[in-house]
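Here are my notes on the model, as numbered points. Please read them with the structure open.

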Amino acid sequence: MSDELHEESTQDKQDKKGAAVKFPPPAIFASCILLGTGLQYLRPLGLGIPESIEIFGYLLVLFGITVTILVATSFRRAGTAIEPWKPTTSIVTTGFYAWSRNPIYAGFCLINIGIGIASNSLWVFISFIPAAFFLYHVAIAKEEAYLEGKFGEEYLAYKKKVRRWV
């Protein structure tokens, strides 16, 4: 009996930390965009696109922001935390989550790519690649392990049905 109480107590403590992500995912993208901007300043590399195409970048940024807002609204409606360092109370599987297990992160990628196109900067454009790589190791892997541990078969079934990105 005391082992069960100890185990439950440990699980409760673990759940209070959520996925225990320590670095905010948006900061990863912001850092990579800033790095790309710095590289663009030091060694300018354009995308070789006409100015008329740069508007497409602004549209991608707008779409990425819209996805982020809609996903945040989904979390609020479900009554669960969007921050990966807080406990998750339910799995969101509707809306954008029916197509992607990480639509907010895909939205961040779109914002990143859009800024690169809008600024005609190859460095900023490709900076989403290291951002996505770091994001996987800093957040996604921890989030998936946490959700598997907390929701078990329910999350595993969702994971089989829906791709990680798109």
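1. Ile126 and the ground rules. Ile126 sits in helix α5, residues 122-126. Helices here are DSSP runs of H or I with at least four residues, strands are runs of E with at least two, and both are numbered from the N terminus. Ile126 counts as partly exposed because its relative accessibility is 33%. The scale is as follows: buried is under 20% relative accessible area, exposed is over 50%, and partly exposed lies in between, with a 1.4 Å probe and protein chains only. Ile126 and Lys17 are 109 residues apart along the chain, and their C-alpha atoms are separated by 32 Å. The model is predicted: local features need pLDDT of at least 70, side-chain atom pairs count only at pLDDT 80 or more, and totals for chains, interfaces and linings use all residues. Residues are numbered from 1 along each chain as its sequence is written, and side-chain values use heavy atoms, with hydrogens and water left out.

2. α3 against α4. Helix α3 spans residues 54-78 and helix α4 residues 103-118; their axes are 7 Å apart, at an angle of about 160°. Axes are lines fitted to C-alpha atoms, for helices over the stretch in contact, and angles run from 0 to 180 degrees between N-to-C directions. The two helices are therefore roughly antiparallel. The classes are: under 35 degrees roughly parallel, over 145 roughly antiparallel, 65 to 115 roughly perpendicular, and the rest oblique. The crossing of α3 and α4 is left-handed, that is, the near helix is turned anticlockwise from the far one by less than a right angle, whereas clockwise would be right-handed.

3. From α3 come residues including Phe56, Gly57, Leu60, Phe63, Gly64 and Val67; among their partners in α4 are Ile104, Gly107, Phe108, Ile111, Gly114 and Ile115. Contact means heavy atoms within 4.5 Å. By class, this contact has 17 nonpolar residues, five polar and one charged. Ala, Val, Leu, Ile, Met, Phe, Trp, Tyr, Cys and Pro count as nonpolar, Asp, Glu, Lys and Arg as charged, and the others, Gly among them, as polar.

4. α4 against α6. Helix α6 covers residues 128-151; its axis and that of α4 come within 11 Å and cross at roughly 165°. The pair is therefore roughly antiparallel. The crossing of α4 and α6 is right-handed. Tyr105, Cys109, Asn112 and Ile113 of α4 meet Phe128, Ala131, Ala132, Leu135, Ala139, Ile140 and Glu143 of α6. The α4/α6 contact divides into nine nonpolar residues, one polar and one charged.

5. α6 against α7. Here the axes are 6 Å apart and the angle is about 130°. So α6 is oblique to α7. Glu144, Leu147, Glu148 and Phe151 of α6 touch Glu153, Glu154, Tyr155, Leu156 and Lys159 of α7. Which classes make up this contact? Four residues are nonpolar, none is polar and five are charged.

6. Aromatic pairs. Rings of Phe, Tyr and Trp (its six-membered ring) pair if their centres lie within 6.5 Å; planes under 30 degrees apart count as stacked, over 60 as edge-to-face and the rest as tilted. The count comes to six aromatic pairs. One of them is Tyr155 with Tyr158, tilted, at 6.1 Å centre to centre and 50° between the planes. Both tyrosines lie in helix α7 (residues 153-161), three residues apart, about one turn of the helix. Elsewhere, ring pairs link Phe29, Tyr105 and Phe108 into a cluster.

7. Positive phi. Ala20 has phi near 60°, a positive value in a residue other than glycine. Ala20 lies in the loop between α1 (2-16) and α2 (25-42). At 18% relative accessibility, Ala20 counts as buried. Asn120 is not a glycine either, yet has a positive phi of about 50°. Asn120 is placed in the loop between α4 and α5.

8. Thr88 is in the loop between α3 and α4. Is Thr88 buried or exposed? Buried, because its relative accessibility is 13%. Beyond neighbours within four places in sequence, Thr88 contacts Thr80, Tyr146, Leu147, Lys150 and Phe151. Arg77, in helix α3, counts as exposed at 70% relative accessibility. Arg77 and Val92 are 15 residues apart in sequence and 9.6 Å apart in space, C-alpha to C-alpha.
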